[in-house]
Amino acid sequence: MARHFLWLLLIPFVGLLWVPFYNFHDPVLFGFPFFYWYQLAWVPMTAFLTWLAYRTYPNED
Amino acid sequence: MKTELDIPAVAVFLFFFALVTVMGFVASKWRRPKTLASLDEWGLGGRQFGTWITWFLVSGDFYTAYTVIAVPALVYSVGAYGFFALPYTILVYPIVFMVMPRLWQVAKDNGYVTAADVVHGRYGSRMLEAAVAITGVVATMPYIALQLIGMATAVKALGFEGELPLIAAFVVLALYTYSSGLRAPALIAFVKDIMIYIAVIAAVSVIPGKLGGYAAVFDAADQAFKAKGSGSILLQPSQYVAYATLALGSALAAFMYPHTLTGIFASKSATTIRKNAVLLPAYTLMLGLLALLGYMGHAAKLKLASNNDVVPALFQTLFPSWFAGFAFAAIAIGALVPAAVMSIGAANLFTRNFWKAYVNPQVDTAGEAAVAKIASLVVKVGALLVIIYLPTQFALDLQLLGGLWILQTLPALIFGLFTRWFTAPALLAGWVVGLFGGTYLAWTDGLKPLHLLSIGSFQAMVYVGLIALVVNIAVAMLVNLVVPKPVVTAEAAST
């Protein structure tokens, strides 16, 4: 059951490697074009997904 | 840029440099073992680093001084394309999470110190072990040389001329690495990471304010690229595949290097590594913001002799000189940590997979440490000579090829953790074809990281390292199907 959460780690690969998905100027956020804030937003999102994977992983300590 | 000696900047710089030098020597007494005379202690810090030390050590040697200089420089010169460093350093952590705890466990259970140890233990093949070890050492050497370039850029910005300051810094580094081993960069990494964080947070919060905000910064960069006729703040459709394959290929290669693996092997537990996969992206966020310094260079209308000067020039132009000195010290110390870990990683490979394998198989643990200490000195002297006597471009070209080469060790090192299907001859054949074929492609393209791939109507620029890896894996699978399986060795069967 728990190991199913490892699949979450594939999501950032889809979100970041399919470039046509985010190569836009608009919408702008805090002066950042979409291309930049979209990729920056993947940093905390990936950390969160990895944390979910960590929480559900049978860690030894 | 200013070139005369800047006294407040130099004073701050020297203070921090002296501080980390003392720390480097004191580190031999930190979490003191009975003796430092074993590779587990000298080369891996006792395999006892917990979550925080590992965080500082891995980020300290993964986000190097050269990164701090070169990523903004690339963004300054080409725009959005240079930003591939961000998806690269995001995707690397899911990979670390999935792969590295297993690798750590195998190394811990069998007392392995290097990637080549793991490969030899798994397949019992001296040839495959040697292939992985040689690739590791050769790929690391230019990487150390690049750290020197990063340090030289900072030292030059302070107003020092000539190579003497660089040589002095490296001699000091070599001496405390010799005496303290991995404990020295692990301890110094705390100072390095905190300093880099302070410098970058100051830069990304203060500089845009002085230049009219982030919107103005992006506008200025956009106009500069249009005026120049090259580069752009968005990607061209023809760059999509290049951007994605560079990010993926770099992420796959990142933890194949001896220095990053040394950080992994030195951790206390597999859980420590998984926790770090969650926590290390905090540094990636900083790298993303740092990359934008390239655009701020356009907004500040800097006149630069070299793209690599964009970060130092920004600090000199927009900050008081004492803070510029602080930032340059952060960059220089940011070179010391990876250079130390890289030389230790290369020395571990030499000792375990050449000296112990061929010269003196009976060498005891104290003997191993003695050999590794000498080897770490030789590696650093070699890198220093490369920088002093060969053109800078030579180190840059070798570094590019180094990334391609180290990526070709991935199947041998990683596949065995998940499947028993592959055999040593198959993986060796894949390595040979990937490494030499990839090098040939890069060579004929004029040492460029991208190769134009045409398959039917599909045409795209693709990262050459990733092409070589795909061919490498395909050859390994093919040979595996054709050549009969040998009997599994007892040692390999027990792992």
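This is a predicted model: local features need pLDDT of at least 70, side-chain atom pairs count only at pLDDT 80 or more; totals for chains, interfaces and linings use all residues.
Trainee: What makes helix 1 of chain B and helix 8 of chain B roughly parallel to each other?

Mentor: Look at the axes: for helix 1 (residues 7-26) and helix 8 (residues 164-180) of chain B they cross at roughly 25° and come within 8 Å. Angles under 35 degrees count as roughly parallel, so helix 1 of chain B and helix 8 of chain B get that name. As for the hand, helix 1 of chain B passes helix 8 of chain B in a left-handed crossing.

Trainee: Which residues in helix 1 of chain B and helix 8 of chain B meet?

Mentor: From helix 1 of chain B, B:Thr21, B:Gly24 and B:Phe25; from helix 8 of chain B, B:Val172, B:Tyr176, B:Ser179 and B:Ser180. Sorted by class, that contact has four polar, three nonpolar and no charged residues.

Trainee: Why is helix 13 of chain B called largely enclosed?

Mentor: A residue is buried if 20 or more other C-beta atoms lie within 10 Å of its own. Nine of the ten residues of helix 13 of chain B are buried, so the rest of the structure largely encloses this helix. Among the buried ones are B:Arg274, B:Lys275 and B:Asn276.

Trainee: What covers the buried residues of helix 13 of chain B?

Mentor: The cover includes helix 2 (34-56) of chain A, along with helix 3 (51-62), helix 5, helix 12 (258-265) and helix 14 of chain B.

Trainee: And how do you know that helix 6 of chain B is mostly covered?

Mentor: Count again: for helix 6 (residues 115-123) of chain B, nine of its nine residues are buried. They include B:Asp117, B:His120 and B:Arg122. Just after helix 6 of chain B comes B:Gly124, with a positive phi of about 60°.

Trainee: How many residues are in the largest nonpolar core, and which have the most contacts inside it?

Mentor: That core has 205 residues, and B:Met151, B:Leu148 and B:Phe328 are among those with the most contacts inside it. Helix 17 (residues 321-359) of chain B gives the most to this core, 23 residues. Setting aside neighbours within four places in sequence, B:Met151 is in contact with B:Ala65, B:Leu166, B:Ala169, B:Ala332 and B:Ala335.

Trainee: How many residues does each chain bring to the contact?

Mentor: Chain A brings 29 residues and chain B brings 32. On the side of chain B that touches chain A, helix 5 of chain B supplies the largest share, eight residues. By class, the residues on that side of chain B are 25 nonpolar, five polar and two charged.

Terms used
Residues are numbered from 1 along each chain as its sequence is written. Chains are lettered from A and ligands numbered from 1 in the order in which they are written. Two residues are in contact if their C-beta atoms, placed from the backbone, lie within 7 Å. Helices (H or I, at least four residues) and strands (E, at least two) are DSSP runs, numbered from the N terminus. Ala, Val, Leu, Ile, Met, Phe, Trp, Tyr, Cys and Pro count as nonpolar, Asp, Glu, Lys and Arg as charged, and the others, Gly among them, as polar. Axes are lines fitted to C-alpha atoms, for helices over the stretch in contact, and angles run from 0 to 180 degrees between N-to-C directions. Angles under 35 degrees count as roughly parallel, over 145 as roughly antiparallel, 65 to 115 as roughly perpendicular and the rest as oblique. A crossing is left-handed if the near helix is turned anticlockwise from the far one by less than a right angle, and right-handed if clockwise. A nonpolar core is a set of buried Ala, Val, Leu, Ile, Met, Phe, Trp, Tyr and Cys residues joined through C-beta atoms within 7 Å. A residue is buried if 20 or more other C-beta atoms lie within 10 Å of its own, exposed if 12 or fewer, and partly exposed in between; C-beta atoms are placed from the backbone.
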